[in-house]
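Dear colleague,

Please find below the structure I am handing over to you. My notes on what was found in it follow directly after.

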Amino acid sequence: MAEIAMFVVQTKSKYRLPCRSLEYLLCLILCHLLLLVLVASNSSLSTCSRKRSDYNCYQGECRNGTCQCYIGWTGNYCDHCLGRQNLISMTGYVTDGPANYSENCKCSWLINPNTTNSSRPIHIQMLHFITECGWDHLYIYDGDSAFSTLLAAYSGVIIEDNKEESNIEITAKSGSAYLMFFSDLAFNMSGFNISYRVGGCPLKCSGHGLCENYVCRCQKGYVGDGCEIELCPNNCSNHGNCWNNQCECDTGYIGNDCSRKDGNDLWTRLPPEKQISGRASHQVAKVNDTVWVVGGYSFEEDTMLMSVFNLTEEKWTMFYPPPSTPDSRNPTPNSRHGHSLVLHENQLYMYGGVVGNNISNEFWMFDLGQEVWTLLKNSTWESYQLAVSGHTAHVVDDVMHVFFGHSPIYGYLHCIQEFYFGNKSWFIPETSGAIVKNTCWHSSVYDKNRQLIYVYGGYHSVSSATNHITDKLYSYNPKIRYWQVLRSSDSPRFLHSAILTTEGFMLTFGGNTHNEASVNSGAKCYSLDFMAYDVECDHWYCLEKPHLQKDVSRFGHAAVSHNNVMYIFNGFNGRMLRDIIKYTTGNCSAFTNATACKQSQPGVPCFWSEDSCVPRSQLANKKDYVCPPNNDIIMCSKIKNCRSCLSNYEKCSWCKKRCMSSSDCLDSHTDLTKDIKDCPVDVECSFLHSCALCQLEPNCFWIENNKSCVYKEKNNAKAVTQKCKVPCPSHTTCENCTKDECMWCSSAQRCVDMNSYVVSFLYGQCTKWNTDKNLCTKNRCSDIRTCKECQMNPICGWCHDVSNTGLGHCMEGGMSGPAKLPWNSHTLSTCPLSRWYFVQCPLCQCNGHSICNESTNICIECQNNTTGETCDRCQKGFFGAPQNGGLCKPCNCNKQAKLCDEQSGNCHCGTRGVVGKKCEWCDTSEKYIGNPNDGGTCYYQLLTDYQFTFNLSKPNDHYYTQINFMNRPSAGDRDVDFSVNCSRFANLNISYNSTSEPAGKILDSGARCYNYKMKFSHKQYTFGETDNTTFYVYVYGFKTPFSLQITFTQQRNIDLVNFFVTFFSCFLSLLLIAAIFWKIKQKYDVYRRRQRMFAELEQMASRPFAVVSIDIERRVDGCIAEKKEKQDYRKKKKVSNKPSPIALEPLNGQKAAVLSLLVQLPCGDEDYTPSNQSGLAIASALVSLGNPRKQSCEPNKSDKNKHRRHIHQSHPDACI
């Protein structure tokens, strides 16, 4: 059984997951079902086996049937990582466990090899990696803590299958490496397997070089840190020669390996420059033959990054602006990412972006001639100059148009900001046409020929709490400020890049295509997709992805177009990239025949025209080009509002309150909207998903209860504008942030909206987030009180107190000591390495309440009312937090309880019905009355003549040892019978008091509560309101689970004579009534039969009369042949034939019918019928219709040997 259980665990292993999407889900379901069956068949499945403990306890030892996990592991089988592990071997593996990682996981690994040479590099190689994109990250640092240099932040699908020779390798050069993994509370996936080795060269030089002093000396024809790049790959595909470490291709072939035919498009990768830092979410501006790369998020530097790339020479030049000082006349902007950058009159204009932990509204100008920055500001701009990130900008006719973005106050923006360079003013205009959803981190390109700006993709909000990526494409006319919906790509993405070619094609590359709604759809964090949009035909194409020696999938990159070449700069794929990717569109003129022209792959369509292959722009006759067919029905059906539908008036129409293709929506429809001005205006408010953004619109108002923006006139014309809550980014502490339904990131010390986590931390900046204020203290090192819990947090270490009693301080730091942070006052001067513990805790952990025996971890005797192996709990009757020197205080329970909660001090009241933190109230909601203060108690008020059952078996009833009752009889002329029965041992006291005897009297004390009964005579006690005699019952000394039944009754004595007289009188009366009803029923049945007979007679009499001609055939009687040629049918003859009907008239309801048939009249003793009579008559009868019994319809089997006679066919449903 143990082996089978381990098989169930291994079936989920990352090494055994060849199935994907739906198949993967079915695999997991089957595995869980198998596990449930095994659990049901053997309750000892969760225990481990001593004989084969290596198969049961993944990282632990089996002791007494239970897995005892090693440090850094948890779970029934020690198969989930938890806490910190110290890896000191020269080679090893890092994994989250054999199965899927757990939710809310916090694991860390310190690779700190036990070697005298601390300068040896550590090579970390990915073998398998699958986590939830954007939420679950693995961080790799070059150092001994989370405050060292960050090398990578991996998330999503990196390597799906276990690969021993993966080329994804990271090198830590400091001599130690620190890995940290966080997962959230949602999805858990297969996790990761990573190998590491100390020393040697990257990728072991890929077998193409020698390792000398940890540096690869590559063989001829190979380059790269690990000699992984072949300069002349595939022997130049036999279409060229390797010359000067590159392929010199034969005529007609191109590419670094000469595998592409001349004229086709081409992907190439420029090797990264070591002086250029990797970055993402930067911006580029093309200035003549150079590209200025400004800003961006980087793991390495925190200064404003500026560099220039020469497109002609393909070389980099770093630009270092002078550092700004408070007295500097020309300050320098701080480092930022997610900003916009435009070129206007030899000046670069930079707007917004994320600066540190805040989103900025700064507007900077960089003079390319003087190479200085200038901050542009004006007090009149404040209402229009919004703080924004993730936006785009374009200059059209001396006006800068800023599109969308994310604002800390308004959330996802749907508006456009305009800056007029002429009068230096900002403006937010009103736009017309389609309704554009709030979006950020999209792409946009400007088409000078059509004077349109195309906006594609992005991350947009769906509601105040949800969001997802989009594949929408819009065009914007800045002249008339008009939006139009274009065809979507069916491939959602954000953080991608886009450029516009001279042929009128918008090329988009990469991006993040992962959507939370499609976890197993194959969408990845870092995409390699390459698509083209034909602006003339409104059509999307999927182009061939780049196939290079290095994986170039990424997001957060930037792109420019130059001479039909697309340059893609930097980006992010778990690491900050420094390379450049080039895409060169093909040359149609290289194809010399029609067949090659049509089959070409130049990235843009080629056409054979006038004996030459030309692009679309050079066609002599534009009619030679026909746009590919598009499905307008599907396109229009995706549009859900009238304005967006009619903005594309050539293809879509709004009829029957939905968008349809113009071919399907005819003018004959009565519910047809033709003009966009006639569209409902109340829809626009529903697209605004924040209170501040909603209140910007005069016709909208915000409803806080359901977090929605509604149209004012439709709901309430006099609606009062509600005051919006403080924006989430305004909160600076975890407690304030989480109480206002926001998300707090403890690592970034930043508060964000619920629906903006992904767009706020694109590159793993947030290692841990929470929305519960009770978890705030658990994520702060300074609030953690024990060494074990401190080291569970990957960023914390423990500073031990000199008393060596377990006291200390938890603080941020690494193996080398506390980290130097603004809020951390402890350094090596206050906490030397001799008292700093990062990977293991001090031996003595008595929390300051005891001392340990020498060289042991056993606390001698816990003091200060504490108990436990480490004096970490309060004794019974005390409460508090004794960890790290905390105090234990006595429970204050109003003499109603002996125990209280060890931490909160809330009393565990011993009497049922007594409630309150200090047992100071009676539970009136459960009908308990009294006063538990000053020695009093609470009673349950019993009603007379009712039996009550009390069951004290719930977990909350664990501390009850007593329950009290009271009863006040109401009838003064009847005795009181009392009875009580308990399910287990308990004692019983009974007393009473009255108006005349206020001091009361004890009637019985210490009785056993088992079928206890007592009678109180009304002659001895004065019951009723005159004396208010009240009985009190105390049941005590029991243990839960416990139940009892209790009752007070006052019933009169029964008079037997009166009882029987009354009984028989009622019985005879009922019998007489039954007889009368029986006679009435008989009379009614006779009446119904007569009425039915009259109806039948009327039905038969109402039949029409007709003349019937009868042709009587000659018959043969039995086996005797008739000798006479003519037979007189008037003569009496015995005929055994069954009659056949001549008519069947169904009645109403088709359940009965009138059957007519011929019958022979009787002749008496004569041989013939009387004279002048035929001897025949027509008879009718009422028959039922339906399926008759089979036996009644079948002929007599005894007649089978007789001559067969012709029988007329009767009605199929009639059985005669």
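In this predicted model, Cys205 and Cys216 are joined by a disulfide with an S to S distance of 2.1 Å. The disulfide is left-handed, because the torsion about its S-S bond is about -100 degrees. Cys205 lies in the loop between strand 14 (191-198) and strand 15 (209-212), while Cys216 belongs to strand 16 (residues 215-218), so the pair ties together parts that are eleven residues apart in sequence. Cys205 is buried, at a relative accessible area of 1%, and Cys216 also counts as buried, at 11%.

A search of the whole structure finds 36 disulfides. Another of them links Cys642 and Cys679, whose sulfur atoms are 1.9 Å apart. This link is left-handed, with -60 degrees about the S-S bond. Cys642 is in helix 6 (residues 642-647) and Cys679 in the loop between strand 59 (672-673) and helix 7 (691-694), so parts that are 37 residues apart in sequence are tied together. Cys642 is buried at 5% relative accessibility, and Cys679 is buried at 6%.

Cys105 is buried, with a relative accessible area of 1%.

Finally, Gln85 is found in strand 5 (residues 83-87) and is buried, at 11% relative accessible area. Its side chain makes a polar contact of 3.4 Å with that of Trp73.

With kind regards

How values were computed:
Residues numbered from 1 in each chain as written. Predicted model: local features only at pLDDT ≥ 70, side-chain atom pairs only at ≥ 80, totals over all residues. Heavy atoms only, no water. Helix = DSSP H or I, 4+ residues; strand = E, 2+ residues; numbered from the N terminus. Buried < 20%, exposed > 50% of the residue type's maximum accessible area, 1.4 Å probe, protein only. Polar contact = N/O pair within 3.5 Å; in protein donor to acceptor, adjacent residues only side chain to side chain. Disulfide = S-S within 2.5 Å.
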